[in-house]
Amino acid sequence: MDPVATTLVILALAIVAFMSNRVPLGIVAIGVAVALWLTGILDLGQALAGFGDPTVVFIATLFIVSESLDSTGVTAWAGRQVIGRAGTKRTRLLLVVCLLVAGVTALISVNGAVAALIPVVVVVATRAGLAPSQMLMPLAFSAHAGSLLALTGTPVNIIVSEAAADAGARPFGFFEFGLVGVPLVVGTLLIVALFGRRLLPERSATTLPQDVSAHARTLREQYALPEGTELIGVRRGVTEVVVAPRSELIGLHLFPGMATPSGDLVVLAVQRGGEDLTGTDTTLRAGDTLLLSGGWEELQRNTAGPDVLVVDDPARVRRSVPLGVGAKRAIVILTAMVVLLATGIVPAAIAGLAAASALVLTRVVTPTQAYRSVSWTTVVLVAGMIPLSTAFITTGTAEVIAGGLLGVIGNASPYLALAAVCVLTMVLGQLISNTATVLIMVPIAAVLAADLDVSVLPFMMALTVSGAASFLTPVATPANTMVLEPGGYRFGDYWKLGLPLLLLFLLVAVFYVPLVWPF
């Protein structure tokens, strides 16, 4: 089969697999790389080159940096400080939430910022008498806009920056994305503030994130603990566990004030059926509940085995404690990484690796925590789809598609070509990962720019703007999916607010971007 036809068939199968939601994204990406090798489109080195690409390495390190800010309570602290001063008026609170998530997203990615701020926003909305559904979709959509404030906002920014350099232009600067990100954030805020109330549903949440202060109060009431007892703090916390069937704890006599068999935790209370378990001859049975206190790491380590079933994951509760252990070190290391990226003293991948290593060496995150924090789905997705971009170039597939587009729209105006690229990217981005979409579109955009004899920079920047406009469905991005249940949303709720935002992003990509990065 002709190499161009083979490449297009592989692309079509990949899109179908992405849209089916039945095949894991990582498996689809790996399948693409393997298929390109099996069909002889690429040799083995080219097919696997994505897994050693500096872009992929840098993306992986950003997840570790994001984890350090999240797990040490830096994000929770920022959220409480800002939102706590916003009052209870809907518009002001909404604008503060959107500005906060946009700023946080610029440094720790869309998914990390949204995940960290959902509990804070739900609690604040509830206390202000507002439906979470009025706040959470704007939270996710503002994060998309905020991802364009800096290089680290999304993997797409890193991809298009490297692609611009590969096409013979130059990489984008760390804060250069802000030239388009700021207008998008402002426009998003205006649309949300002016039309959000009418376009967003008033609906109760199906699930609510945990309010740590309420959780501590519930535990005090359940176990009749003194009101002044500090249960959840910076260095120490509590967790409620249930004795599991066949647990080695069955038959032991535990009482409040004693240490657990490991010696790391202290028993605060023991209950059976909601009643305190007292008496010197009482022993534990399966189903008994224990309230344990200790250091956060000790709590997590000693409750991870098969002997107990954890009611509230200590790691999840710890993230809601503002400025926990290691927060200052995390902030210093993040600042150093941003300085390295902004000045360009070292390549981005080296700056990311240095930051990730420093976080582990200074014990802000453990090695295990660092490995677990990486979204391997994203890493494998990018690594597996990079060879498809290579195949588009080496087989001439990008030339064929670009030529077809030019045949339809003509070559009189680069604006029409840019609009065609943006529309195609936005359509695909509602159905499959925006990262995968941009990787598919990068070589096509580069060829279009070359054929029109114009700069590739506006095409690459427009791609990242179009890729961020994933607003119409809850499956378009993980951030959209995250707010689905806490906001009580339905599939059809997204396009109502999403459509005007998508049009804003399209207008900015087609008309504003070329003003800043001329053809």
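**Close-up views of a predicted model**

**View 1. Lining of the second largest pocket.** In this predicted model, the lining of the second largest pocket comprises 16 nonpolar and 18 polar residues, with no charged ones. The space in the second largest pocket is about 630 Å³. Its lining is made of 34 residues, of which N111, T378, S433, N434 and P478 are the closest to the centre. Several helices give two or more residues to this lining: α4 (54–71), α7 (110–127), α9 (155–166), α17 (376–394), α20 (434–451), α21 (457–468) and α22 (478–482).

**View 2. Packing of helix α8 on helix α23.** Helix α8 covers residues 136–146 and helix α23 covers residues 494–516. Their axes lie 11 Å apart, at an angle of about 20 degrees. The two helices are therefore roughly parallel to each other, since angles under 35 degrees count as such. The crossing of α8 with α23 is right-handed. On the α8 side, the contact is formed by M137, P138, F141 and A145; on the α23 side, by Y494, L497, G498, L501 and F505. Eight of these contact residues are nonpolar, one is polar and none is charged.

**View 3. Packing of helix α19 on helix α20.** Helix α19 (residues 414–429) packs with α20 at an angle of about 170 degrees, and the axes are 10 Å apart. Angles over 145 degrees count as roughly antiparallel, so α19 is roughly antiparallel to α20. From α19, the contact includes A417, V421, L424, T425, L428 and G429. From α20, T437, M441, A445 and L448 take part. By class, the contact of α19 with α20 has seven nonpolar residues, three polar and no charged.

How values were computed. Residues numbered from 1 in each chain as written. Predicted model: local features only at pLDDT ≥ 70, side-chain atom pairs only at ≥ 80, totals over all residues. Heavy atoms only, no water. 1 Å grid on protein atoms, 1.4 Å probe; cavity = no way out; pocket = protein on both sides within 12 Å on 5 of 7 lines; lining within 4 Å. Points joined across faces, edges and corners; volume = space filled by probe spheres on them. Helix = DSSP H or I, 4+ residues; strand = E, 2+ residues; numbered from the N terminus. Nonpolar A, V, L, I, M, F, W, Y, C, P; charged D, E, K, R; others polar. Axes fitted to C-alpha atoms, helices over the stretch in contact; angles between N-to-C directions. Parallel < 35°, antiparallel > 145°, perpendicular 65-115°, else oblique. Left-handed = near helix turned anticlockwise from the far one by under 90°. Contact = heavy atoms within 4.5 Å.
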